[in-house]
Amino acid sequence: MTLLTRTSALHAEASAAVPAELLQLLQTTKRIWVIPHERPDADALGAALGLQSILTQRGAEVAVFCADAPAKVYDVIPTIDRVLTSPPEWTPDAVILVDCGEARRAGRAGALMEALPSSVTRATIDHHVSNSSTSPLQWIDPTAAATCEMITLIAVALGSDLAAEEGRLAATLAAGIIMDTATFQHSNTTPRTLQVAGLLLEAGAPISEISRRLYRSKPATQVRLHARVLDRIETSDDGLTVWAAVLNSDLQQTNAQLEETEGIVDTLAQINEADVALFFKEEGADSTRLSIRTKEQGLDATKIAALFGGGGHARAAGASIAAPLDDAVAAVLRGVTSLRTGRGTES
């Protein structure tokens with residue numbers, strides 16, 4: 001089956017899935033900012049940069065503007081050098097949030113978006129079930145494994161060339177899908193996800209290489225950091241909850257960067273006896289970052305995150321907590337125990 005045939009096979013589904021109003025906006029708007037959430041991951045970056053490439057094919061001027069510089073691990077995305085950490089000098093006709101439900105989750109970039117004139121059209125494209133967007137134009141699809149899956153459907157609906165730039169567009173979108181499915185291991189992987197991934201592979205995305213670099217390639221500093229943190233694993237709720245925390249001193253002792261904590265929570269989630277895994281990052285004297293993973297029989301991760309103003313998916317979520325590490329850990333553990341008690345009462 002050729003790329004053209006694969007694209008044609010998905011065209012009807014893509015056209016039905018993408019809201020007509022959104023397609024109209026993308027077809028007619030000439031100057032657009034695309035903004036992912038703060039501390040962007042591969043899906044947020046891939047979706048933003050993929051949409052930029054798709055719209056550039058149509059002659060639009062598009063800037064990807066992010067509050068934070070991408071972590072080095074995302075250099076696997078071939079278009080990563082196009083991310084701006086300062087806003088462009090021109091005012092857009094439209095601004096699109098991707099992989100993000102509301103402006104506050106986009107940090108400084110979201111604040112600047114909010115300050116734009118009311119005449120600037122706002123739109124949201126996201127796959128998080130916890131999305132609480134009030135955007136007048138939005139496409140929220142929790143059945144999509146990744147926002148990059150949705151952006152690929154947009155490309156198909158618009159008749160874009162997914163093989164453009166010698167496969168760079170396809171690779172950019174594939175990175176997000178690989179990240180959010182953990183190389184198609186998570187239960188969010190659907191037949192459509194695999195169909196989209198096959199289309200991107202056909203268009204030039206080096207899926208095996210992207211998977212290797214994201215999941216099976218680490219610098220020595222990262223391995224040492226993981227070993228140090230995992231040596232302090234603790235449990236609560238009779239072993240059903242497992243957690244660990246990274247301290248600023250851990251980073252100093254291993255010469256690692258905060259971004260190198262990526263993957264620790266997924267290792268915690270592999271522990272058979274636990275159905276909830278929690279990972280805490282000491283970000284500042286009064287700031288802690290929480291990452292959550294749960295198993296099918298465990299609590300809904302979004303319910304845990306919601307206790308602290310966060311969100312995500314049923315099996316993977318996160319939140320930023322305005323409290324010192326020890327206080328944050330205590331509060332989250334109390335919250336999880338309370339949710340377990342309530343769950344037992346409901347059943």
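Thr-183 sits in the loop between H6 and H7. Helices here are DSSP runs of H or I with at least four residues, strands are E runs of at least two, and both are numbered from the N terminus. The model is predicted, so local features need pLDDT of at least 70 and side-chain atom pairs count only at pLDDT 80 or more, while totals for chains, interfaces and linings use all residues. Residues are numbered from 1 along each chain as its sequence is written, and side-chain values use heavy atoms, with hydrogens and water left out.

Stay with Thr-183 for a moment. Its phi is near 55°, a positive value in a residue other than glycine. Thr-183 counts as partly exposed, at 22% relative accessibility. Buried means under 20% relative accessible area, exposed means over 50%, and partly exposed lies in between (1.4 Å probe, protein chains only).

Next comes Thr-190. This residue is in the loop between helix H6 (168-181) and helix H7 (191-202). Thr-190 is partly exposed, with a relative accessible area of 24%. Neighbours within four places in sequence aside, Thr-190 is in contact with Thr-143 and Glu-149. Contact means heavy atoms within 4.5 Å. Ala-306 is 116 residues from Thr-190 along the chain, and their C-alpha atoms are 26 Å apart.

Now step back to the loop between H5 and H6, where Glu-165 lies. Glu-165 is not a glycine, yet has a positive phi of about 55°. Its relative accessible area is 31%, so Glu-165 is partly exposed.

H5 also packs in a helix pair. The axes of helix H2 (residues 20-28) and helix H5 (residues 147-158) come within 11 Å and cross at roughly 70°. H2 is therefore roughly perpendicular to H5. Axes are lines fitted to C-alpha atoms, for helices over the stretch in contact, with angles from 0 to 180 degrees between N-to-C directions. Angles of 65 to 115 degrees count as roughly perpendicular, under 35 as roughly parallel, over 145 as roughly antiparallel, and the rest as oblique. H2 contributes Leu-22, Leu-23, Leu-26 and Gln-27 to the contact, and H5 contributes Ile-154, Ala-157 and Leu-158. By class, this contact of H2 with H5 has six nonpolar, one polar and no charged residues.

Finally, the whole protein. It has 13 helices and 12 strands. Of its 347 residues, 52% count as buried. The C-alpha trace spans about 55 × 45 × 45 Å along the principal axes. Among contacts between residues at least 6 apart in sequence, 69% join residues at least 24 apart.

Notes:
Nonpolar A, V, L, I, M, F, W, Y, C, P; charged D, E, K, R; others polar.
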